[in-house]
Each structure stands twice: as structure tokens, then as C-alpha cells.
Amino acid sequence: VWDRLMTGSSVFGRFSLKSFDGRAAVLEGGFTPVLDRNGRPVKVLLMGADVTEAQQSIKDAEEERQEMAKAQKDVVDALRVGLSQLSQGDLTVSLDRSFTQEYEPLRRDFNEAVSGLQSAICEVLDNAQSIRSEAGEISSAAEDLSIRTERQAATLEETAAALNELTASVKSAAEGADEANR
């Protein structure tokens, strides 16, 4: 910068300087040499604005943006892993590591959704077991009914045979009585 000023050229830009109290300062503007009659610099005129606070605000905003991007990446990664496990049938998945405050409701909602899914699947399994048990009872009752029906059919067949014999005996007795009457 001084080399250019010594040749009589102005220098413009953003400069890091120390303020009178020793703090770092950022100045945006230009240095212009004031030349004597011989063209040699006598003084340097500084025209600029202190942009230290603006630069710090920009730096702080960038740091905050990076923190938010990291927090968002952590949330997306955790949800990706959780959803992957869930898609493979793992109903025990849970997002245990806390998220930042603005994303914490998302973690809580995910865990509650998985818990609700666990409850629904358990209820379906319980109902399936009940249906299986009741189907077994119906099958057993049907088998008992079939056995009783077979026994009744056999009893009816025996009764029919006995009636046939009785009918034949009555007929024979009637024929015998008929012949005796003649």
C-alpha cells in the first residue's frame, strides 16, 4: 500500500487496521496521497467508513448459518437412518440423541409415530392370535359334530335294520295267523 502511495497513486479497498485504543478495525475506503510542489507525498488523506460492526455481523451470520446447516444435516441423517431401519421392519428404532430446539418436535413426532406403529402391529398380532384360536375351536367343534353325526347315522342304520327285522317278524306272524284261520 505504502509503495503505491509514495508514487502518488491512491489506494482503494477494505483495510484491516488497529484503532487508537488497540482494537482491530475494518475500514472501507481509500488512501490518497497529498503531494508537495515537487510531487512528493507530504500527507495521506484517508476517506472511508468503519465497517467493523458490519463485517462482524456478516461473520456472525455466516457462523450461525453454518451451525444451522450442521444441525439440519444431523437431523436429516438421523431421520434417514431411522426411516431406513423402519423400512426394514425394525419397530424398535428410536431417535435418542436430542436435536436442536427448533428440530426437537420432529424427533419427538418420529418417536411417537414409531410407538404408535408398534402398538398397531401388536394389536394386529393379538387379533390374529385370537382368530387362530377361535378358528381352532370352530374346527374342533366341527369335528365333534361330524363324529356325532356319524354315530347318529350308524344308530339310525341299526334302528332301520331292527325295524326291518321287526316288520319281517310281524309279517311272518300275520301270515302264520292267516294260515291258521283258514
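This report walks through a pocket, a surface patch and a set of salt bridges in the structure above. The model is predicted, so please read every value below as computed from it.

**The largest pocket**

Let us begin with the largest pocket, whose volume is about 270 Å³. Its lining is made of 13 residues. Nearest the centre of this pocket lie Ser19, Ala25, Val26, Asp50 and Thr52.

Which elements supply at least two residues each to the lining? They are strand 1 (11–18), strand 2 (24–35), strand 3 (41–50) and helix 2 (52–87). Strand 2 gives the largest share, with 4 residues.

Trp2 belongs to helix 1, which covers residues 2–6. Is Trp2 buried or exposed? Trp2 has a relative accessibility of 56%, and because the cut-off for exposed is over 50%, Trp2 counts as exposed.

Arg4 is also found in helix 1. Its relative accessible area is 47%, so Arg4 is partly exposed. Arg4 also gives a sense of distance across the model: its C-alpha atom is separated by 162 Å from that of Glu179, and the two residues are 175 apart along the chain.

The structure holds 8 salt bridges in total.

| Salt bridge | N to O distance |
|---|---|
| Glu62 and Arg65 | 2.7 Å |
| Asp74 and Lys70 | 3.0 Å |
| Lys73 and Asp77 | 2.8 Å |

Why are Glu62 and Arg65 about one helical turn apart? Because they sit 3 residues from each other in helix 2, the separation comes to about one turn. Glu62 is partly exposed at 33% relative accessible area, and Arg65, at 47% relative accessibility, is partly exposed as well.

The pair Asp74 and Lys70 also lies in helix 2, with a spacing of 4 residues, or about one turn of the helix. What is the accessibility of each partner? Asp74 has a relative accessible area of 25% and is partly exposed, whereas Lys70 counts as exposed at 51% relative accessibility.

Lys73 and Asp77 are 4 residues apart in helix 2, so about one helical turn separates them. Asp77 counts as partly exposed, with a relative accessibility of 25%.

Which residues are linked with Lys73 in a network of salt bridges? The network joins Lys73 to Asp77 and Arg80.

**Putting the picture together**

Definitions and conventions. Residues are numbered from 1 along each chain as its sequence is written. This is a predicted model: local features need pLDDT of at least 70, side-chain atom pairs count only at pLDDT 80 or more; totals for chains, interfaces and linings use all residues. Side-chain values use heavy atoms; hydrogens and water are left out. On a 1 Å grid over the protein atoms alone, a cavity is a set of points where a 1.4 Å probe fits but cannot get out, and a pocket is an open set with protein on both sides within 12 Å along at least five of seven lines; lining residues have an atom within 4 Å of a point. Grid points are joined across faces, edges and corners, and a volume is the space filled by probe spheres set on the points. Buried means under 20% relative accessible area, exposed over 50%, partly exposed in between (1.4 Å probe, protein chains only). A salt bridge is a side-chain nitrogen of Lys or Arg within 4 Å of a carboxyl oxygen of Asp or Glu.
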